Amino acid sequence: MRVPILKQGPYLIASVQSALTDADLLQMRDDLARLVGQHRSHGVVVDVTALDVLDSFAARTLRTMAYAIRLRGAQMVIVGIQPEVAFAMVQLGLSLPGVDTALDLEEGLALLNRKTSEDHASEG
Amino acid sequence: MKDEVRVTIKSDVDVVAARQEGRALAAHLGFSTGDLALIATAISEVARNIVNYAKQGEIILKVAEKDGRYGIVVVARDQGPGIADVARAMQDGHSTSGGLGLGLPGSKRVMDDFDIVSEVDKGTTVTMKKWAR
C-alpha cells in the first residue's frame, strides 16, 4: 500500500497506515524526495506508529531517506516508534545514526519548527 | 489454530505475510508483546534472505512443547545458492548484498535457539526457536 503523504504548511507528513513491503518503503522514499522539491518543503515527518516491525531493510531505507532529504535541503524526523519495536531494534543491533526521532507527530513538528528556525537564524 | 503454518516466499509481499503469520501464532502461544516484535523481526530477516539470495523458498512455523512450556519454531528453507562461509555470514556487519549484515546474527541474538545448515548450490535451512516466558 502506498503511504499517503500530506502537505501541512512548509512540511510534509508521511503517515504509514499498515505493514509495509520493501517496495512500499522504497516508493515512500522516492515520493518524499520528489515531493520535497515539488512543494519546496522545509521538513518531513515520517509517522511509523502503525508499524509493528522495523527490520534491517526498513532501518537502512529510513536512514537513506533521511540523508537524501537532507541533501535536498529539508529536515526529516521519524515519529511513533513503538516501545517494543524500539527494544527489538536495539536487540537486533539496528540503529538510525544521525536520524532525528521524536515521540509523536506533535513532538516531531515541534522539532522541525526548532530546526528550521535555527537554519534561518544562522543564514541571517 | 493449526500446529503448522507454511508460507511460500517468492517476493517482498510474502516477507510481510510470513512475519504476520508468525506473530499471530506466537500471540496465540502467549508470548509478550516485546517477544512478538522480536519474533516478527527475526522472521522478516530470514524471509528476506530467501528473497534476496535464493529467489524463493518457504517459511514453516510450528509449535514446540516441552515440560508444559510452549515455544515457536521458525524454519526458513530454500534451494538457493547456499552460503560458502557460514561462520562469516554469522558475523555482525558482513553482507554480500549491500545490506547491513545484521539479519542473521541479529536473529540469532533474539531467539533462544538458532541453527543454520547451508551447502553451496544446494540451499540453506535456518531453524530458530523461542520459548514463551
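The model is predicted: local features need pLDDT of at least 70, side-chain atom pairs count only at pLDDT 80 or more, and totals for chains, interfaces and linings use all residues. Residues are numbered from 1 along each chain as its sequence is written, chains are lettered from A in the order in which they are written, and side-chain values use heavy atoms, without hydrogens and water.

**Stop 1: the interface.** Show chains A and B together. Here 23 residues of chain B contact 20 residues of chain A (contact: heavy atoms within 4.5 Å). About 1900 Å² is buried between the two chains, 58% of it from carbon and sulfur atoms (accessible area, 1.4 Å probe, lost on being put together, summed over both parts).

**Stop 2: salt bridges.** Four salt bridges link chain B and chain A (a side-chain nitrogen of Lys or Arg within 4 Å of a carboxyl oxygen of Asp or Glu). Select D22(A) and R48(B): their side chains form a salt bridge, 2.6 Å from N to O. Over all chains, the structure holds 15 salt bridges. Next, pick R34(A) and D31(A), a salt bridge with its closest N and O atoms 3.1 Å apart.

**Stop 3: a helix pair.** Select residues 33-54 and 103-110 of chain B, helices α2 and α4 (helices: DSSP runs of H or I, at least four residues, numbered from the N terminus). Their axes come within 9 Å and cross at roughly 150° (lines fitted to C-alpha atoms over the stretch in contact; angles from 0 to 180 degrees between N-to-C directions). Now show the side chains: L38(B) and A42(B) are among the α2(B) residues that meet α4(B), where the partners include L104(B) and V110(B).

Technical notes. Helices (H or I, at least four residues) and strands (E, at least two) are DSSP runs, numbered from the N terminus.
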